[in-house]
Amino acid sequence: MARVLVLGAGLTGSACAALLRGAVRGRVVVWDKARGAGGRMSTSRSARDAACSADLGAQYVSPRAGRAGPHGSFYDELLSHGILKPLTAPIEGMVEKEGSCNYMAPQGISSVVKYYLKQSDADVFYEYHVTHIFLRDGKWEVSRKMGPPELFDIVILTMPVPQVLQLQGDIVNIINERQKQQLKATSYSSRYALGLFYEAGVCIDVPWAAKYITDNPCIRFISIDNKKRNIESPEIGPSVVVHTTVTFGSEHLDSDPAEVQQLILNHLERIVPSLPKPASVKCQKWRYSQVTKSVPNCPGHMILHTQPLLICGGDGFTCSNFDGCIDSAMSLAEAVKSYL
Ligand SMILES: Cc1cc2nc3c(=O)[nH]c(=O)nc-3n(C[C@H](O)[C@H](O)[C@H](O)COP(=O)(O)OP(=O)(O)OC[C@H]3O[C@@H](n4cnc5c(N)ncnc54)[C@H](O)[C@@H]3O)c2cc1C
């Protein structure tokens with residue numbers, strides 16, 4: 001009976017766990033350091049009203065070649081279950097390619113990840129922050145910040161590449177020099193996201209559902225998130241998402257979060273002066289936001305060790321979107337199946 005650990009409950013990890021369902025004689029376990037599912041496909045909820053939510057990371061998904069493309073069956077499945085729906089709300093400044101379509105997640109983008117976790121039938125544990133990976137008698141001993149270490153036959157890493165390189169223990173020497181150079185060649189952009197949550201009944205009077213901003217040093221994108229997701233109910237408070245520019249994100253990466261939040265709010269007020277005062281605000285720092293340079297010569301995954309198997313994947317091995325994560329999840333699952 002094999003025990004397989006998928007590290008990371010983001011899109012790559014959840015889709016990989018779902019693709020492994022039935023293939024592993026034993027159990028698939030998913031660990032994530034966060035308090036819930038989603039990773040960079042996260043949906044944050046207002047502390048006062050869980051129905052008031054905002055997508056702080058990915059906003060919508062755009063199939064590479066429409067539904068006829070290579071992942072058509074993934075989109076069809078998510079559409080048929082109502083997890084994704086066509087994005088029909090007006091997005092100002094969005095670059096539309098001919099024949100392209102976009103989808104949003106009415107229950108929040110993390111519902112995509114939750115769907116795959118449910119499909120996987122895996123045992124999922126949150127607030128499991130892995131710090132060390134050791135090789136012990138032909139198995140992986142995985143240690144986390146709190147709680148005892150556990151043994152696994154296969155470990156699949158799906159976090160951003162710099163976070164793989166931060167892991168301690170035998171893994172440090174298991175990753176060979178050539179692989180280290182490849183992994184270190186990867187780069188990510190950084191940005192902040194603000195979620196603004198409002199009481200039910202508050203009206204946000206702008207003609208768009210979301211808007212790309214091109215002439216502000218701090219703000220790149222604003223979404224009236226409930227409107228983007230076609231949720232306009234008098235019982236549910238509206239929510240607003242703000243993404244900063246990459247330049248602002250990099251310049252303020254280690255600044256005081258309260259100061260960063262205020263700076264973003266000041267810019268927001270100048271761009272949308274009619275915006276009411278929110279009931280609460282969440283400031284999210286995405287240190288590893290989107291991949292700007294993927295791992296060279298390594299599409300989909302990298303095998304770090306074979307007996308036992310230690311393998312890593314994620315958008316760092318493809319690109320930062322739904323298709324990129326599904327490509328990596330498929331390539332990880334194939335590699336694991338061929339090993340079993
Ligand atoms: C601001 C922003 C906007 C975006 N917009 C879009 C968009 O509109 N459309 C689109 O398709 N994509 C978009 N993306 C990209 C998309 O969100 C990512 O490509 C995708 O979510 C990556 O998924 P992943 O599973 O590979 O990684 P992640 O989502 O990062 O998942 C990795 C998981 O590993 C966990 N983890 C890390 N280290 C540890 C550890 N030591 N122990 C335990 N757990 C650990 C993390 O908590 C995380 O949940 C956006 C991303 C950001 C940040």
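## Basis of the report

A polar contact, as the term is used here, is a pair of N or O atoms within 3.5 Å; within protein, one atom must be able to donate a hydrogen and the other to accept it, and residues adjacent in sequence count only if both atoms are side-chain atoms. The model is predicted, and local features need pLDDT of at least 70, side-chain atom pairs count only at pLDDT 80 or more, and totals for chains, interfaces and linings use all residues. Residues are numbered from 1 along each chain as its sequence is written, and side-chain values use heavy atoms, with hydrogens and water left out.

## Asn-216 and its contacts

Asn-216 is placed in the loop between strand S16 (210–212) and strand S17 (219–224); helices (H or I, at least four residues) and strands (E, at least two) are DSSP runs, numbered from the N terminus. The side chain of Asn-216 makes a polar contact with the side chain of His-267 at 3.3 Å. A polar atom of the Asn-216 side chain also lies 2.8 Å from the backbone nitrogen of Cys-218.

Asn-216 counts as buried because its relative accessibility is 16%. Buried means under 20% relative accessible area, exposed over 50%, and partly exposed in between (1.4 Å probe, protein chains only).

## The ligand site

The shell around the ligand holds 34 residues, of which Thr-12, Asp-32, Arg-40, Tyr-60 and Asp-315 come nearest; a residue is near a molecule or strand if one of its heavy atoms lies within 4 Å of it. The shell residues divide into 13 nonpolar, 16 polar and five charged. In this division Ala, Val, Leu, Ile, Met, Phe, Trp, Tyr, Cys and Pro count as nonpolar, Asp, Glu, Lys and Arg as charged, and the others, Gly among them, as polar.

A polar side-chain atom of Thr-12 lies 2.7 Å from an oxygen atom of the ligand. A polar backbone atom of Tyr-60 is 2.7 Å from a ligand nitrogen atom, and a backbone N or O atom of Phe-322 lies 3.1 Å from an oxygen atom of the ligand. The protein covers 94% of the 1,000 Å² of accessible area that the ligand has on its own; such areas come from the Shrake-Rupley method with a 1.4 Å probe, and for residues only the protein chains shown count as cover. Helix H1 (11–20) and helix H10 (322–339) are the elements that give two or more residues to the shell.

## Salt bridges

The whole structure contains 15 salt bridges, each a side-chain nitrogen of Lys or Arg within 4 Å of a carboxyl oxygen of Asp or Glu. In one of them, Arg-40 pairs with Asp-315, with the closest N and O atoms 2.8 Å apart. This pair links distant parts of the chain, 275 residues apart: Arg-40 is in the loop between strand S2 (26–32) and strand S3 (43–45), and Asp-315 in the loop between strand S22 (309–313) and H10. Arg-40 counts as partly exposed at 23% relative accessibility, whereas Asp-315 counts as buried at 5%.

Asp-254 forms a salt bridge with Arg-287, the closest N and O atoms being 3.0 Å apart. Here too the pair links distant parts of the chain, with Asp-254 in the loop between helix H8 (246–251) and helix H9 (257–271) and Arg-287 in the loop between strand S19 (280–286) and strand S20 (291–293), 33 residues apart. Asp-254 is exposed, with a relative accessible area of 65%, and Arg-287 is partly exposed at 32%.

## The nonpolar core

The largest nonpolar core has 43 residues, among which Leu-11, Leu-84, Val-112, Tyr-116, Ile-156 and Phe-322 touch the most other members. Such a core is a set of buried Ala, Val, Leu, Ile, Met, Phe, Trp, Tyr and Cys residues joined through side-chain atoms within 4.5 Å. Elements giving two or more residues to this core include strand S1 (2–7), helix H2 (72–80) and helix H3 (110–120). H10 gives the most, with eight residues.

## Backbone features

A cis peptide bond with omega of about 5° joins Gln-307 and Pro-308. Pro-308 is in the loop between strand S21 (301–305) and S22.

Glu-127, a residue other than glycine, has a positive phi near 55° and lies in the loop between strand S9 (123–126) and strand S10 (130–136). Asn-297 likewise has a positive phi near 55° and is found in the loop between S20 and S21. Glu-127 is exposed, with a relative accessible area of 55%, and Asn-297 is exposed, with 73%.
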